[in-house]
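Me: I am new to this structure and would like to understand the terms used to describe it. Please take them one at a time.

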Amino acid sequence: MAGIEKGEQAFRTITEAAELLDVPAHVLRFWEGKFPQLRPLKRAGGRRHYRPEDMALLRGIRALLQEDGYQLKGVQKVLKDQGVAFVRARGAGTQGDVLPPIKPDPEVLALGAAARGPVYPLSPVTTEAEAPTAATQALGQADQTRLRAALEKLERAEAILSAVAAFQRRAS
């Protein structure tokens, strides 16, 4: 990018986001249609501005598609089942202190390619090289499941509140 580099917390235009992610701008617009969780701010004239959390989600979507071999429907299923925070964490190259990185099962990918159907490798797989963090060791599987469920409920509530606020803005 030419000019002054923006900080990590800065809003990005679609051009800046596309350059950072190394994808064309039209792909970002397409992803907005496929992933309703991706909602950049739209300013005057419909100009998109991606917040830091939007950028994290975009990085996660890109990583799932390009690095992990997911298809669009697979990423949609991950967003639905695992939540937005999970995909954002994948974009950061980590699953935070709670979840290990996703690694698709090669057999599942091969079967999906042979059947020409969508592939949904959802089970996280850890390698011996990945050491569990202190937070992961302290949390049991049941605790992690409860945390994921609570996070999904919060994200749904946030989406509802955003929709209500948008409706109120349009009504006034």
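This is a predicted model: local features need pLDDT of at least 70, side-chain atom pairs count only at pLDDT 80 or more; totals for chains, interfaces and linings use all residues.

Me: Which residues of α4 and α5 meet?

Reply: On the α4 side they are V78, L79 and Q82, and on the α5 side V84, F86 and V87. By class, this contact holds 5 nonpolar residues, 1 polar and no charged.

Me: Why are the buried residues of α4 said to be on the same side of the helix?

Reply: The buried residues of α4 are G74, V75, V78, L79 and Q82. They cover an arc of only 140° around the axis, and this places them on the same side of α4. K73 and K80, on the other side of α4, are exposed, a word that requires over 50% relative accessible area.

Me: What is particular about the residue just after α4?

Reply: That residue is G83, which takes a positive phi of about 100°.

Me: Why is α5 called mostly covered?

Reply: A residue counts as buried under 20% relative accessible area. In α5, 6 of the 8 residues are buried, and the helix is accordingly described as mostly covered. The buried residues are V84, F86, V87, A89, R90 and G91. Over the protein chain, which has 172 residues, 31% count as buried.

Me: Which elements build the largest nonpolar core, and which residues have the most contacts inside it?

Reply: This core has 24 residues, and L28, W31, L58, I61 and V75 have the most contacts inside it. The elements that supply two or more residues are α1 (14–21), α2 (25–34), α3 (52–67), α4 (72–82) and α5 (84–91). The most come from α3, which gives 6 residues.

Me: How do you know that W31 touches residues away from it in sequence?

Reply: Contact requires heavy atoms within 4.5 Å. With its neighbours within four places in sequence left aside, W31 is in contact with V23, L38, L58, I61, R62 and L65.

Me: How many helices and strands does the protein chain have, and in what order do the elements run?

Reply: The chain has 8 helices and 3 strands. From the N terminus, the order is β-α-α-β-β-α-α-α-α-α-α.

Notes:
Residues are numbered from 1 along each chain as its sequence is written. Side-chain values use heavy atoms; hydrogens and water are left out. A nonpolar core is a set of buried Ala, Val, Leu, Ile, Met, Phe, Trp, Tyr and Cys residues joined through side-chain atoms within 4.5 Å. Buried means under 20% relative accessible area, exposed over 50%, partly exposed in between (1.4 Å probe, protein chains only). Helices (H or I, at least four residues) and strands (E, at least two) are DSSP runs, numbered from the N terminus. The arc is that of the directions from the helix axis to the C-beta atoms. Ala, Val, Leu, Ile, Met, Phe, Trp, Tyr, Cys and Pro count as nonpolar, Asp, Glu, Lys and Arg as charged, and the others, Gly among them, as polar.
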